[in-house]
2 protein chains.
Amino acid sequence: MPDELDALLTESKRASRSLGVAPAEQRHAAIEAIADAIEDAADAILAANADDLERGRASGLDAGLLDRLLLDASRIAGLAAAARALAVLPDPIGEVLRERTLPNGLELTEVRVPFGVIGVIYEARPNVTVDLACIALGSGNAVVLRGGSAAELTNAVLVEAMQGAIARAGLPRASVQTIDRFGRDGAGRLMRARGLIDLLVPRGSAALIERVVTESTVPVIETGAGVVHAFVDRAAHLPMALDIVLNAKTQRTSVCNSLETVLVHRDVADTAVPAIALALQQAGVTIHADAELPGVADPEPLREGGWSTEHLSMDIAIGVVDDVDAAIEHVNRYGTHHTDTIVTDDADAAARFLAEVDSAVVMHNASTRFTDGGEFGFGAEVGISTQKSHARGPMGLPELTSSKWIVRGTGQVRA
Amino acid sequence: MPDELDALLTESKRASRSLGVAPAEQRHAAIEAIADAIEDAADAILAANADDLERGRASGLDAGLLDRLLLDASRIAGLAAAARALAVLPDPIGEVLRERTLPNGLELTEVRVPFGVIGVIYEARPNVTVDLACIALGSGNAVVLRGGSAAELTNAVLVEAMQGAIARAGLPRASVQTIDRFGRDGAGRLMRARGLIDLLVPRGSAALIERVVTESTVPVIETGAGVVHAFVDRAAHLPMALDIVLNAKTQRTSVCNSLETVLVHRDVADTAVPAIALALQQAGVTIHADAELPGVADPEPLREGGWSTEHLSMDIAIGVVDDVDAAIEHVNRYGTHHTDTIVTDDADAAARFLAEVDSAVVMHNASTRFTDGGEFGFGAEVGISTQKSHARGPMGLPELTSSKWIVRGTGQVRA
């Protein structure tokens, strides 16, 4: 089996060489063909998905996981529509990043190139299978997919349909491959496939990401959890603070850019905390704190993770801090460097928060829910990078590219 | 001891916060002060270096290593001059990389920011200690240095002198720290210091780099070995091919951008191989091959590493290939994705080689010795990245930076 998997990865590498020189029109045609193929294969996809769902129910998957696994006619139409949206994004490949001519006449050009082969390890969400295949084609990369075993049958039918479409567009079937059938061993092998996998992106639980970061010997982009903060400064406009806190917490709770902690400047705590807490409680949010809060009767204690808890639910932690320094210190200490916002009318406080909070996205007077590839105008996103190497924040097509230096001479040698 | 090391790394992290908001003028002043301090401390530096050299001779270090360890008055002057050259490079911090205004009025700006704390693990070369400290200051980063133990006494005096200089410029002493005194444990801890070390750069032997890539759980930039190729196409101008091959092989053999393999197109092998081999042999280069070569009596066999051997000496491997496809295939298979050059007057062959060879730097009619931060106009370099993530090719100041998204609103929330 390891030999079979190595052979598969070698095929991906070979496919990536063709993709790397394929024109954008051909890669976009392949994405369009994928959209058509998914619609055409709807019956087979739904049948496989029904089998996965039955296995899932038998093995006791919870309702949330089953819902993420579920495909129906409307979701299949959504997959095809998402693919078509990707087929019209600008092609990042070949973009000139830097250029210069040296005194000796050498012409240096740094151009954007595909990575080669991207590996993605993710959980049982069939829509991710299609999104990632199309994002890879859009950025000139081959992709090796390791989805959750709960979606194995659905993914197999999806990948088969996509491979047919890619072949019809004249590109290698191996541009998109799944290694679900190799089970957990496959994921481990992917993490150590130096020379065959050029970049590995884990998407999913903190435990999955931790395992990949720890075990992987190929370059990884960490798409981390979001312990996201709003700091309500003493110069905050209170109605704006209420809007932003309420939106960031309650508009969708299960996502990484939703709000987990509100910090309030001590000077305005007596008025702001009761107002914020009341608005949240009226929306059904449970307040957690590690001390008494003005106007909040019996807040719940902080969860086990303390100030570093990512609730992903209708829970929020509220704390009072002495000043903007203390807020920055708190965010940098307990946060996950994802997204943090300050609400204030004080330009100096805003400037300090934006400069000193060490997060992928820092905001002034805006809801943290805007940290999203779609909202940023990237089309689809691969994930939101919370690391500082290679990509930071929402990752679109350019974030799945590398670069190379092209040097053109007329026989220059070094003195 | 682990506690003491953690405390040290925490100090580095704290220093990085000050550096991250320090203006370029102040960081440049610190670099100037370092140049002065190294000249002022010359006697103490030379005394410590003499002790290191004595230890090195006693422990049997070879002449090459002892030479790299050696400092003398002229080399100290060189260190100070290199620092002063870095103090006048443009500051990368704050550069706007992308900006856009969303339909809802949100203003998005992606700006260049320092990584935070950079760890570097390198071998016993005191000049690297000073270079890296100055490069880190120039890019707004704190740096934690783990040099080779053979240079421990020299590095200690250098770092002490640099810390004094940095403090005189009003920046934290902990902006530059050494962990040499923690021995090999220190390197291991650096590799796992998630949250304290933002980027780790190994510089040195293939074994060192392999260890770091395998063990590290923090993001790494691999500065790999150079199995560097020249392909002499059938449309090559032979005198140019001779110039380039001779320069790339013999101008300096111990460096990663020196030539290790020449591939010659079969159609011109009968004339080109004898001419190239003769020129190389006259320069004192030993020819290695895995088959008979036209005009070369008894070539040496390939070294143990076969076509993937990095000689770093007056040795070269010569092979004959059928065409440009075979050359590209050979380079991608046996090379290290560092630098490869094609010599040809055929624009189509050049275009294919430049597009399809998967290396950090691809060249047409130029010597591979130009892959160098200084030659590229970057000032000093941290190393040459042979990976595709984050940085590729020579790494200057911009390659030691990350980015962050700044979002400015007027109370926008997500619908």
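A salt bridge is here a side-chain nitrogen of Lys or Arg within 4 Å of a carboxyl oxygen of Asp or Glu. The legends below describe close-up views of a predicted model.

**View 1. Salt bridges across the interface of chain B and chain A.** One cross-chain pair joins the side chains of B:E375 and A:R414, with an N to O distance of 3.2 Å. The side chains of B:R17 and A:D358 meet in a salt bridge as well, at 3.6 Å from N to O. In this pair, B:R17 belongs to helix α1 (residues 2-21) of chain B, whereas A:D358 sits in the loop of chain A between α13 (347-356) and β12 (361-366).

**View 2. The contact surface between chain B and chain A.** Chain B contributes 72 residues to the contact, and chain A contributes 72 residues. About 5,800 Å² of area is buried between the two chains, and carbon and sulfur atoms account for 49% of this area. Within the area that chain B buries against chain A, B:K388, B:W405 and B:R414 supply 14%, more than any other three residues.

**View 3. The relation between the two copies.** Chain B is superposed on chain A by a rotation of 180° with 0.0 Å of shift along its axis, at an RMSD of 0.0 Å. The two copies are therefore related as by a two-fold rotation axis. The C-alpha of B:H390 is the one in chain B nearest the axis, at 1.8 Å from it. Both copies use the same surface, since 100% of the contact residues of chain B recur in chain A.

**View 4. The largest cavity and its lining.** The structure holds two cavities of 30 Å³ or more. The largest of them has a volume of about 280 Å³. Its lining comprises 21 residues, of which A:V218, A:P219, A:V220, B:P219 and B:V220 are the closest to the cavity centre. By class, the lining of this largest cavity consists of nine nonpolar, eight polar and four charged residues.

**View 5. The second largest cavity and its lining in chain A.** The largest share, three residues, comes from α6(A). The lining of the second largest cavity has nine nonpolar residues, with no polar and no charged residues, whereas polar and charged residues are present in the lining of the largest cavity.

Conventions. Residues numbered from 1 in each chain as written. Chains lettered and ligands numbered in written order. Predicted model: local features only at pLDDT ≥ 70, side-chain atom pairs only at ≥ 80, totals over all residues. Heavy atoms only, no water. 1 Å grid on protein atoms, 1.4 Å probe; cavity = no way out; pocket = protein on both sides within 12 Å on 5 of 7 lines; lining within 4 Å. Points joined across faces, edges and corners; volume = space filled by probe spheres on them. Nonpolar A, V, L, I, M, F, W, Y, C, P; charged D, E, K, R; others polar. Helix = DSSP H or I, 4+ residues; strand = E, 2+ residues; numbered from the N terminus. Least-squares fit on C-alpha atoms with pLDDT ≥ 70 in both. Contact = heavy atoms within 4.5 Å. Buried area = accessible area lost by both parts, 1.4 Å probe.
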